Amino acid sequence: MQIMLCAICNIASGNCSEDCKYCTQSAFVKTNIQKYRRKEIDQIVLEAKMAKKNEALGFCLVTAGLGLDDEKLEYVCEAAFAVKKAEPNLLLIACNGKASLEQLKELKKAGIFSYNHNLETSREFFPQICTTHTWESRLETNLNAKEAGLMLCCGGIYGMGESEEDRMSFRKSLKELEPFSSPINFFIANENLNLKVPKLSADEALQIIKDSKKALPNSVLMVAGGREVVLGNRQYEIFEAGAGAIVVGDYLTTRGEEPSKDILKLKEMGFSFASECH
């Protein structure tokens with residue numbers, strides 16, 4: 001079986017104006033994460049080369065904040081051009097929040113393959129985890145991305161206190177968007193966050209993947225944040241459950257599994273890694 005590996009590059013970290021209860025990058029909470037306005041382009045290219053060496057096909061350029069302005073758009077485009085020049089076979093994903101149709105067209109011109117903007121959860125539950133922007137604004141950005149001709153990467157976070165009805169509603173909305181890929185994150189509590197909920201069990205997490213595959217049979221399910229903590233030694237069961245991709249290496253503000261460990265284990269299990277998008 002062939003699976004896809006993706007890597008995340010946090011190119012603008014922290015001090016976000018939004019109050020998302022699940023996020024350590026929000027300026028509304030005090031956390032000890034690394035904060036910086038911009039990562040040097042040379043460093044981004046270095047991380048892209050490392051991602052490619054670690055068998056990654058997707059490389060995601062992520063910025064904190066509500067969305068794109070002219071200055072941030074120019075910076076993301078500059079980073080995209082530099083990475084494409086250094087590693088032309090990487091599929092570039094941009095994750096820069098709210099974006100207009102015109103901005104997304106500019107990203108496409110810069111070499112961005114896919115835009116990632118998660119709905120995060122159901123329309124009904126979203127106001128309980130964020131009050132500074134709406135679920136509808138997230139949906140609008142996803143529709144803009146599709147209209148701009150970008151492949152869509154859209155998913156969310158499970159285990160934030162949502163009900164089973166919320167999960168079903170969330171997956172129904174994703175199904176209507178028909179994303180190329182859909183990230184599944186599992187919420188991990190942080191002492192500095194106001195969201196206090198019990199950790200999902202491994203069985204529940206695997207069932208979420210199965211239910212997501214049933215709802216999104218044509219999307220590549222990518223298991224991302226929380227994989228190691230929630231699933232532990234059962235984390236490689238995700239592929240039997242329907243996952244077709246994982247994030248390798250570190251996440252936005254938390255450590256991930258050492259890529260070499262993931263790669264070795266996956267090869268032992270008989271997996272090969274996608275080197276192009278079909």
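**Entry 1: the binding-site record.** I started from the UniProt record, an unreviewed entry, which lists Cys60 and Cys153 under "binding site". I kept in mind that the coordinates I was reading are those of a predicted model, and that such annotations may be inferred rather than shown by experiment.

**Entry 2: Cys60.** I looked up the element that holds Cys60 and found strand β2, which covers residues 58-63. Is Cys60 buried or exposed? Its relative accessibility is 8%, and because buried means under 20%, Cys60 counts as buried. Setting aside neighbours within four places in sequence, I listed its contacts as Ala7, Ile8, Cys9, Ile93 and Cys95.

**Entry 3: Cys153.** I placed Cys153 in strand β5, residues 151-153, and I recorded Cys153 as buried because its relative accessible area is 4%. When residues up to four places away in sequence are not counted, Cys153 touches Ser114, Tyr115, Asn116, His117 and Asn118, and also Ser181 and Pro183.

**Entry 4: from Ser181 into the strands.** Strands β7 and β8 (residues 220-223) pair in the parallel sense over four bridges. I traced the chain from β7 through helix α6 (residues 202-215) to β8, and this β-α-β crossover is right-handed. On to the next strand, β8 also runs parallel to β9 (residues 245-247), to which two bridges join it, and here I found Val223 with Ile246 of β9 as its bridge partner.

**Entry 5: backbone angles.** Which residues other than glycine did I note for a positive phi? I wrote down Glu55, whose phi is about 75°, and Glu178, whose phi is near 50°. Glu55 lies in the loop between α1 (41-53) and β2 (58-63), and β2 is the strand in which I had placed Cys60. Glu178 is found in the loop between α5 (164-177) and β7 (181-186), and β7 is the strand that pairs with β8. I then checked accessibility: at 30% relative accessibility Glu55 counts as partly exposed, whereas Glu178, at 60%, counts as exposed because the cut-off for that class is over 50%.

Technical notes
Residues numbered from 1 in each chain as written. Predicted model: local features only at pLDDT ≥ 70, side-chain atom pairs only at ≥ 80, totals over all residues. Heavy atoms only, no water. Buried < 20%, exposed > 50% of the residue type's maximum accessible area, 1.4 Å probe, protein only. Contact = heavy atoms within 4.5 Å. Pairing = 2+ DSSP bridges. Right-handed = clockwise from strand over helix to strand, strands pointing away.
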